[in-house]
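Reader: Could we go through this structure together? I would like to begin with side-chain packing.

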Amino acid sequence: MDMLWNGWGDPAKAAPLPDTVTGLLRDLLGVKPRSTPALGLADLRPPAVTARPAALKALAEAVGGEEHVRTDAESRIRHTRGKSTPDLLRIRAGDVADIPQAVVLPAGHEEVLAVLRACAAHGLAVVPFGGGTSVVGGLAPRRGMFVALDLRRMNGLLDLDPVSRTAVLQPGLRAPEAERRLNEHGYTLGHFPQSFEWATIGGFAAARSSGQASAGYGRFDEMVLALTLATPQGTLDTGRAPRSAAGPDLRQLILGSEGAFGVITSVTVRIRPLPETRVYEGWRFGSFQEGTAALRRLAQDGPRPTVLRLSDETETLIGLAQPDAIGAGPEQGGAGPEQGGAGPEEGGAGCLAITGYEGTAEDTAYRRARAADVLTACGGTPTGTEPGERWAHGRYSAPYLRDALLDVGAFAETLETAAFWSRIPELYTAVRTALTDALTRAGTPPLVMCHISHVYENGASLYFTVVSAQGEDPVAHWAPAKHAANEAVLAAGGTISHHHGVGTDHRDWYVREAGPLGVSALRAVKCRLDPDGLLNPGVLLPTD
């Protein structure tokens with residue numbers, strides 16, 4: 001199944017907002033219904049294919065036949081840009097100007113190399129395409145004629161080594177299918193980002209993905225033991241041992257490179273035994289500051305849960321910590337006191353934390369009990385397993401909620417960052433203030449929510465959600481706010497991205513974060529691996 005062309009995921013899972021939420025958006029933020037009817041896929045008029053017939057023939061020869069080179073309008077539209085809010089707003093408005101010339105589907109490493117050779121010979125840029133879930137402009141190259149290199153045919157589990165507990169996966173394998181195949185052998189990857197249902201193994205590696213259970217399983221880049229990269233200059237193989245002192249680790253050069261250096265064609269990952277038990281529960285804290293201190297204690301001194309996250313007061317009050325309960329009262333699972341909210345006598349909803357434990361029954365029970373001691377000592381109040389189980393049930397629902405907000409005329413977008421623990425309070429305040437001030441000046445005062453999404457011994461990630469009215473030109477309306485938030489992130493000591501990646505949206509700030517010498521070094525790598533600048537031009541690094 002292909003993802004919805006103008007939204008997220010499976011159309012069957014999309015649901016309209018409750019009338020109560022639509023009314024709240026109108027009254028609180030001035031959200032107005034759309035004035036124009038929604039466009040259908042058949043209403044879009046993409047530019048015609050202008051690539052020479054010889055180029056298309058060479059691509060077909062590279063991948064074993066014309067059936068694996070698609071030039072029809074629908075295939076090209078479905079590979080236009082990613083899934084950021086500006087991406088969706090543009091395609092919903094009928095803007096498909098930067099559409100690929102063709103969608104090419106290789107079946108293996110050698111065919112990828114052949115595609116790259118054909119594209120070099122005919123002057124076509126190449127955008128690797130996995131699940132299409134980028135939210136930072138990672139699929140929007142700065143070059144006219146390009147092809148989308150769809151890796152869906154490269155979707156195998158090539159090897160599983162139970163002694164070493166490793167698996168070799170192809171890049172086009174979607175996360176749910178990867179989990180299913182590993183589960184059949186009694187293992188899990190343990191990587192469950194919000195994009196889990198649609199993202200691919202190659203995409204996880206290319207963007208340095210971080211899953212919602214990273215406190216227990218680690219980030220995806222920590223799971224990767226070896227990579228194979230196809231480049232216009234040949235093959236790069238990295239990783240032959242779990243750790244090595246044989247020079248700089250070239251795996252780290254490929255991880256996070258977002259298709260700018262080459263096309264990842266296989267990934268060797270560590271795997272873990274399937275957990276015997278999973279338990280998720282909720283905790284309430286009086287303030288975000290109090291909850292942050294509690295999470296830091298667990299991250300630094302343990303015992304660390306598998307899942308550990310904290311919503312601020314606004315996110316808790318709105319109920320975004322449990323997206324499938326938005327608009328529901330306490331009796332339907334909304335954020336009442338028993339779900340981690342607060343009654344009137346408590347002066348608000350407080351902050352909801354979610355803790356999750358996976359592993360053997362004995363280990364899970366031990367860590368859960370010891371963590372409860374820490375959280376209680378830090379001022380936390382347990383709210384039972386219902387909030388945690390509801391979060392687990394709706395953990396992939398937020399992108400569908402974003403689509404529903406866009407449908408009724410609201411603007412909704414997310415951004416994330418990370419910093420050392422000592423910088424978290426300043427970073428939190430700076431980004432919230434930047435977003436609020438910029439959108440208020442634009443005449444669309446926002447609702448800004450935040451949660452700590454990932455924790456480490458030395459710091460944490462902040463994940464912001466912004467909702468406002470769309471304004472007359474919603475894409476232009478968002479640009480100054482995004483710019484202000486990016487500036488605030490760097491000024492407050494944060495990284496421009498913790499797990500969404502760089503793409504084109506963060507590229508200029510990434511250049512500043514990396515510094516001139518760092519960027520020059522990366523340019524030298526790209527020049528050696530991709531001398532004609534064919535691979536995802538303008539993504540990660542500027543083209544000029």
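Reader: Which residues is Leu435 in contact with, leaving aside its neighbours within four places in sequence?
Author: Leu435 is in contact (heavy atoms within 4.5 Å) with Leu415, Pro446, Val448, Val466, Trp478, Ala481 and Ala485. This is a predicted model, in which local features need pLDDT of at least 70, side-chain atom pairs count only at pLDDT 80 or more, and totals for chains, interfaces and linings use all residues. Residues are numbered from 1 along each chain as its sequence is written, and side-chain values use heavy atoms, without hydrogens and water.

Reader: How many residues has the largest nonpolar core?
Author: It has 49 residues, and Val431, Leu435, Ile452, Val455 and Leu462 have the most contacts inside it. Such a core is a set of buried (under 20% relative accessible area, 1.4 Å probe, protein chains only) Ala, Val, Leu, Ile, Met, Phe, Trp, Tyr and Cys residues joined through side-chain atoms within 4.5 Å.

Reader: Which helix gives the most to this core?
Author: Helix α16 (residues 424-441) does, with eight residues; helices here are DSSP runs of H or I, at least four residues, and strands are runs of E, at least two, numbered from the N terminus. Another core, of 45 residues, lies apart from the largest one and includes Phe261 and Leu352.

Reader: Turning to the sheet, what is the strand order?
Author: The order is β5-β6-β10-β8-β9, in an open antiparallel sheet, where pairing requires at least two DSSP bridges between two strands.

Reader: Why is one side of β5 and of β9 left without a neighbour?
Author: Strands β5 (157-161) and β9 (234-238) stand at the edges and each has a single partner strand, so one side of each has no neighbour in the sheet.

Reader: What joins β5 to β6?
Author: Four bridges do, and Asp159 stands opposite Val168 in β6.

How values were computed
Buried < 20%, exposed > 50% of the residue type's maximum accessible area, 1.4 Å probe, protein only.
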